[in-house]
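Colleague: Please take a close look at one part of this model for me, the surroundings of the ligand, and then relate that part to the rest of the chain. I would like the terms spelled out as you go.

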Amino acid sequence: MARRSAQFVCQSCGAISTKWTGRCEACGTWNSLVEEGGGGVLAAPARPFAKGRVIELVALAGTSEDAPRTLAGIGELDRVTGGGFVRGSAILIGGDPGIGKSTLLIQAAAAVAQAGRRVVYVSGEEAVGQVRLRAARLGLSDAPVALAAETRIEDIVATVSAGAPPDLMIIDSIQTMWTDQVESTPGTVTQIRGAAQALIRFAKRMGTTVVLVGHVTKDGQIAGPRVVEHMVDAVLYFEGDGAHRFRILRAVKNRFGPTDEIGVFEMSGKGLIEVPNPSALFLGDRDSRTPGSAVFAGIEGTRPVLVEFQALVAPSPLGTPRRAVVGWDASRLSMLLAVLDAHCGLKLGGHDVYLNVAGGLRIIEPAADLAAAAALVSSLAQAPLPPEAVFFGEVSLSGAVRAVPHGAARLREAHKLGFAEAVAPVGNQAEAGAGGVSLVCVDTLAGLVARIAA
Ligand code: TYD
Ligand code: MG
């Protein structure tokens, strides 16, 4: 007999505790435990193995087909999913409120429907009229998308199971959904998990691709539905900040494709527009004559992307100088400053340091070290970098500049955008022939500093 008992669930990470504590023991968040009675903690049965069914075990060797996919027809979205939505899979799309998730998905829904597939769009946040208004504004009113404003999972599943199953179902958003199977209030972790489980089961059974929208909190975690991240096949984040027009769709988990692939969009008055050549856009507003501006030849997923690193280094009036980073890792900056101090004799302990990646892109590649360092040194020395140069290379704690992967692709992209020179690690010298860009090799950070100061 199953026994039900009260339980406390962390609304941040979903950890379950039998007693209330002020701080979640699993993730350390304060005041996040909420009592969610009757989540169904089952007492262990007396004879646990008695009722098991004998299943068939098969050999690892054997043939299997590639997962069938539904193309969204939006190139940048298909790139991030790894070539279209896999049938029967569940995808979570997270992002800050207002970033454009609903806009992206109504555009995707319309494109898939216009290609002759069955698409259902369920909005738990907006009324049917509001969704129609948005579609009209985007010029998508004719798309044969079936629409519903509903939040109860049982009703949604019953409705879509009644006819031919849809190829694509969009649930906007998972936080608004609730199921009878769980007694907690809508919006709690237990409800979100229950609703997601039911929808994922439906996806697997019917071969429908289910896309769940999840809102993210300020600190970048999908609020509550972080638990959903583990349940779905793919997790995509829609990023960008309100001040910029650019929006980046990034795969952080994908069972059926590459991760770290990005799709770039621009938010316009007519919805999201694909940006097939992001480098040109990210470098659009660059003022190459100012000190502190360095172009990084980066790789995002499988695609080379050029972005501008901007640095400002100035004597600080404060006892503890400021360090501020946008679009890059703050601890990476600290490391770089320590290496500049220890191996290049640049004392920045009394300087404020600001570093910004232009255009709202977030760079995580270690290969960006050299570009960041070039921007910092250029600002400190008040010496503009050569306007036709790009930078890439990883800096180690010893001050050495290490080789990075995909040198040739970086050089080709730089050439395509009119750059003539690349400052790169000695270890990448073998790729010098690629793209007609001349390679200036550096083997230590001190070597780079000497070049800029000269
Ligand atoms: P929305 O898709 O509703 O965001 P989310 O679902 O992630 O909360 O996007 C809302 C923002 O996008 C809103 O601030 C207005 C802007 N927007 C445009 O700039 N152009 C458009 O064509 C549309 C539909 C929205
Ligand atoms: Mg929305």
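Modeller: A residue is called buried if 20 or more other C-beta atoms lie within 10 Å of its own, exposed if 12 or fewer do, and partly exposed in between, with C-beta atoms placed from the backbone. The model is predicted, so local features are given only where pLDDT is at least 70 and side-chain atom pairs count only at pLDDT 80 or more, whereas totals for chains, interfaces and linings use all residues. Residues are numbered from 1 along each chain as its sequence is written, and chains are lettered from A and ligands numbered from 1 in the order in which they are written.

Around ligand 1 there is a shell of 15 residues, and the closest are Gly-100, Lys-101, Ser-102, Thr-103 and Gly-271; a residue is near the ligand if its C-beta atom, placed from the backbone, lies within 6 Å of it. Two elements give two or more residues to this shell, namely helix 2 (101–114) and helix 3 (128–137), and helix 2 gives the most, with three residues. Helices (H or I, at least four residues) and strands (E, at least two) are DSSP runs, numbered from the N terminus. By class, the shell holds four nonpolar, seven polar and four charged residues, where Ala, Val, Leu, Ile, Met, Phe, Trp, Tyr, Cys and Pro count as nonpolar, Asp, Glu, Lys and Arg as charged, and the others, Gly among them, as polar.

Gly-116 follows helix 2 and has a positive phi, near 95 degrees.

UniProt, in an unreviewed entry, places the feature "domain: RecA family profile" at residues 66–216; UniProt positions are given in the numbering used here, feature names are shortened, and annotations may be inferred rather than shown by experiment. Over residues 66–216 the chain is 39% helix and 21% strand, and the end C-alpha atoms lie 32 Å apart. The protein is divided into domain 1 (1–45), domain 2 (69–276) and domain 3 (281–453), with bounds that come from an automatic or database domain assignment. Where domain 2 meets domain 3, the contact takes 11 residues from domain 2 and eight residues from domain 3, two residues being in contact if their C-beta atoms, placed from the backbone, lie within 7 Å. The side of domain 2 that touches domain 3 has five nonpolar, two polar and four charged residues, and the C-alpha centres of these two domains are 37 Å apart.

A cis peptide bond, with omega about 0 degrees, joins Asp-172 and Ser-173, and Ser-173 lies in the loop between strand 9 (168–172) and helix 5 (189–206). Asn-31, in the loop between strand 2 (16–17) and strand 3 (33–35), has a positive phi near 55 degrees although it is not a glycine; this residue counts as exposed because it has 11 C-beta neighbours inside 10 Å.

Helix 9 (369–381) has 13 residues and reaches 18 Å from its first C-alpha to its last, close to the 18 Å expected at 1.5 Å a residue, and 12 of its 13 residues are buried, among them Asp-369, Leu-370 and Leu-380. Ala-368, in the loop between strand 18 (351–357) and helix 9, counts as buried because it has 28 C-beta neighbours inside 10 Å. Leaving aside neighbours within four places in sequence, Ala-368 is in contact with Phe-296, Gly-298, Trp-328 and Ile-363. Just after helix 9, Gln-382 takes a positive phi of about 55 degrees, and it counts as exposed because it has 10 C-beta neighbours inside 10 Å.

For the whole protein, there are 11 helices and 23 strands, and 44% of the 454 residues count as buried. The C-alpha atoms fill a box of roughly 80 × 55 × 50 Å, taken along the principal axes.

Technical notes. The expected span of a helix is 1.5 Å times one less than its number of residues.
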